[in-house]
Amino acid sequence: MKLNLDLNPKNVFLLDACGAVVSAAMLGLVLTTLESMIGMPSPVLHKLAIAACVFAMYSFLCFWRKPDNWRPFLRAIALANFCYCIYTIILVNSHYDALTALGVSYFVAELIVIFALVTFEWKRSNRHG
């Protein structure tokens with residue numbers, strides 16, 4: 001599957017910010033109320049939700065400010081998202097025995113989406129034009 005890299009950089013930040021808001025809401029509001037069905041402890045979910053909120057604020061700020069030299073800002077959020085994925089993998093691994101199939105499924109799906117976003121952001125930040 002070939003990624004379409006024609007998306008305006010400003011809109012890539014908006015896409016990232018909206019995705020981070022969805023993640024924050026899922027982790028901090030939805031999954032915490034379903035903790036027994038997910039298996040991940042609420043304090044862990046809250047930490048991940050806080051990270052997603054910080055990423056959303058950063059990406060919304062980049063979207064609104066429209067930096068002329070946007071590439072380092074896009075690389076920064078791509079790197080932050082990548083680190084978030086590594087941290088999530090570590091948390092899933094350390095809480096694996098407590099996670100339900102639904103919990104594992106959620107985190108696997110989230111990781112797939114975020115890794116795809118990281119790949120897209122990194123490629124877009126390295127493309128000229």
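1. Basis. The model is predicted: local features need pLDDT of at least 70, side-chain atom pairs count only at pLDDT 80 or more, and totals for chains, interfaces and linings use all residues. Residues are numbered from 1 along each chain as its sequence is written, and side-chain values use heavy atoms, with hydrogens and water left out.

2. α1 against α4. Helix α1 covers residues 9-33 and helix α4 covers residues 71-94. Helices (H or I, at least four residues) are DSSP runs, numbered from the N terminus. The two axes come within 11 Å and cross at roughly 25°. Axes are lines fitted to C-alpha atoms, for helices over the stretch in contact; angles run from 0 to 180 degrees between N-to-C directions. α1 and α4 are therefore roughly parallel (angles under 35 degrees; over 145 counts as roughly antiparallel). Their crossing is left-handed, that is, the near helix is turned anticlockwise from the far one by less than a right angle.

3. Residues between α1 and α4. V12, F13, D16 and L27 of α1 meet F73, L74, I77, N81 and Y84 of α4. Contact means heavy atoms within 4.5 Å. By class, this contact has seven nonpolar, one polar and one charged residues. Ala, Val, Leu, Ile, Met, Phe, Trp, Tyr, Cys and Pro count as nonpolar, Asp, Glu, Lys and Arg as charged, and the others, Gly among them, as polar.

4. α3 against α4. The axes lie 11 Å apart, at an angle of about 170°. That makes α3 roughly antiparallel to α4. The α3 side includes V44, L48, F55 and Y58, and the α4 side includes F73, I77, Y84 and L91.

5. α4 against α5. These axes come within 9 Å and cross at roughly 155°. α4 and α5 are therefore roughly antiparallel. The crossing is left-handed. Among the residues that meet are R71, R75, F82 and I89 in α4, with F107, E110, W122 and R124 in α5. This contact divides into 15 nonpolar, four polar and five charged residues.

6. Largest pocket. Its volume is about 360 Å³. A pocket is an open set of points on a 1 Å grid over the protein atoms alone, where a 1.4 Å probe fits, with protein on both sides within 12 Å along at least five of seven lines; lining residues have an atom within 4 Å of a point. Volume is the space filled by probe spheres set on the points, which are joined across faces, edges and corners.

7. Pocket lining. 18 residues line the largest pocket, with G19, S23, V113, I114 and L117 nearest its centre. α1, α3 (42-65), α4 and α5 (101-126) each give two or more residues. The lining has 13 nonpolar, three polar and two charged residues.

Notes. Parallel < 35°, antiparallel > 145°, perpendicular 65-115°, else oblique.
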